[in-house]
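This report describes one protein model, from the whole chain down to single residues. The sequence and the structure are shown first.

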Amino acid sequence: MKFTELKNFISDGGCGAFLLAGDDAYFLSRAEEMIKDAYLQLPELNFTSFDGESLKGQNITKLADALSAYPFMAEKRVVRVGEFYPSEADYERYLKPLFADFPQTAVLIIVNTQSKKGAADLKRRHGIAYVDCGRADEEEVTRWVYLTLKRAGIAAEAEACINIARYCLCNMSRVSIETQKIIIYKGGAGTLTAAEADELVYKDADYRIYELTGAVAARNYSRFYEIADELTGKGMDSMSVMNSLFSYLRNLVTVATTDKSDAELSKILGMKEYGVKRSREQARHLGVERARRLCSLIYGAISDVKCGNLTQDSAYRLVCSQIFFAV
């Protein structure tokens with residue numbers, strides 16, 4: 001199930017074992033918090049935590065023992081295991097019997113931020129409720145922003161919600177902070193417009209580089225300089241801007257010239273899948289050949305700075321002028 005479905009799942013009775021898996025820190029922490037809020041009483045007596053690395057082979061019986069322990073003056077005992085990747089053999093020997101006859105007085109929370117080759121695929125095992133805590137796509141984040149603002153008494157324009165998701169690169173930790181900031185600013189009432197969201201929400205530096213590249217693609221000279229001036233005014237020097245722009249354009253070329261999936265590229269480039277999708281769109285708009293020429297131009301300027309042939313500011317001005325008037 002998706003993170004957004006967890007609340008209703010718990011309300012409908014839920015189950016004893018939960019697997020929270022993904023790379024979004026907000027979803028992971030909130031999902032764990034929701035489960036504890038629903039089931040955990042007297043945490044100092046009814047909560048136990050394990051490091052998954054310590055639960056291998058015979059040691060997995062420690063987990064079974066903790067789950068079997070009767071809760072003290074409460075209905076449930078909650079056991080948390082972090083980064084738990086049992087082998088197929090360990091699952092068959094120790095965990096399968098446990099899940100087949102799971103204690104009615106226990107709740108198990110497994111929190112995994114990655115996957116490991118050769119480990120049992122817990123999300124497909126009987127008796128475990130899998131909660132997808134991976135990075136949400138733009139549509140899911142937009143819906144979350146809209147509903148959160150609505151519950152707080154604020155009506156939000158669709159464009160405003162979309163922009164909040166984009167400005168934060170769909171990073172739910174940042175999205176939640178920016179959304180709470182808006183709720184406080186609006187006082188829990190009124191309408192949020194796209195213009196207000198643009199003023200209130202801090203735009204991720206990577207998003208600004210994305211916008212900068214968009215201005216290049218559109219040959220929008222004034223927009224490019226507006227964004228570049230903002231970046232240099234917020235702590236990035238001209239060299240940092242050139243390096244960021246070069247790295248982004250290089251990724252655009254890679255994304256546009258490979259037949260690998262978004263998931264594969266995400267791992268290779270160290271990007272989120274959402275970023276890969278946006279890069280594909282921008283690569284089509286900019287054009288692969290132009291992206292290649294810009295990469296060569298910026299790389300040459302950066303090299304000249306390192307070799308002492310140009311100052312940082314001279315190289316930056318040269319790149320900016322050639323982007324619009326020589327390439």
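The model is predicted: local features need pLDDT of at least 70, side-chain atom pairs count only at pLDDT 80 or more, and totals for chains, interfaces and linings use all residues. Residues are numbered from 1 along each chain as its sequence is written, and side-chain values use heavy atoms, with hydrogens and water left out.

**Chain.** The protein chain has 16 helices and seven strands; helices (H or I, at least four residues) and strands (E, at least two) are DSSP runs, numbered from the N terminus. Its C-alpha trace spans about 75 × 50 × 30 Å along the principal axes. Of the 327 residues, 46% are buried, where buried means under 20% relative accessible area, exposed over 50%, and partly exposed in between (1.4 Å probe, protein chains only). Among contacts (heavy atoms within 4.5 Å) with a separation of 6 or more, 76% are between residues 24 or more positions apart.

**Sheet.** An open sheet is formed by five strands in the order β2-β3-β4-β1-β5, with parallel pairing; two strands pair if DSSP finds at least two bridges between them. Because β2 (47–51) and β5 (128–132) stand at the edges with a single partner strand each, one side of each has no neighbour in the sheet. From one strand to the next the twist averages 20 degrees.

β2 is joined to β3 (residues 77–82) by five bridges, and the two run parallel. Thr48 stands opposite Val79 in β3, and Asp51 stands opposite Gly82 in β3. Helix α4 (residues 60–68) lies across β2, β3 and β4 (106–112), and runs at about 155 degrees to β3; axes are lines fitted to C-alpha atoms, for helices over the stretch in contact, and angles run from 0 to 180 degrees between N-to-C directions.

**Largest pocket.** The largest pocket holds about 1000 Å³ of space. A pocket is an open set of points on a 1 Å grid over the protein atoms alone, where a 1.4 Å probe fits, with protein on both sides within 12 Å along at least five of seven lines; lining residues have an atom within 4 Å of a point. The volume is the space filled by probe spheres set on the points, which are joined across faces, edges and corners.

Of the 35 lining residues, Gly22, Asp23, Ser115, Gly134 and Glu273 are the closest to the centre of the pocket. At least two lining residues come from each of β1 (17–21), β5, α6 (138–151), α13 (262–269) and α14 (273–286). The largest share, five residues, is supplied by α14. The lining divides as tabulated, with Ala, Val, Leu, Ile, Met, Phe, Trp, Tyr, Cys and Pro counted as nonpolar, Asp, Glu, Lys and Arg as charged, and the others, Gly among them, as polar.

| Class of lining residue | Number in the largest pocket |
|---|---|
| nonpolar | 12 residues |
| polar | seven residues |

**Two residues.** Lys272 is in the loop between α13 and α14 and counts as partly exposed because its relative accessibility is 32%. Beyond its neighbours within four places in sequence, Lys272 is in contact with Asp23, Arg135 and Ser266. Thr148, in helix α6, is buried, with a relative accessible area of 11%. Leaving aside neighbours within four places in sequence, Thr148 is in contact with Thr179, Gln180 and Ile183.
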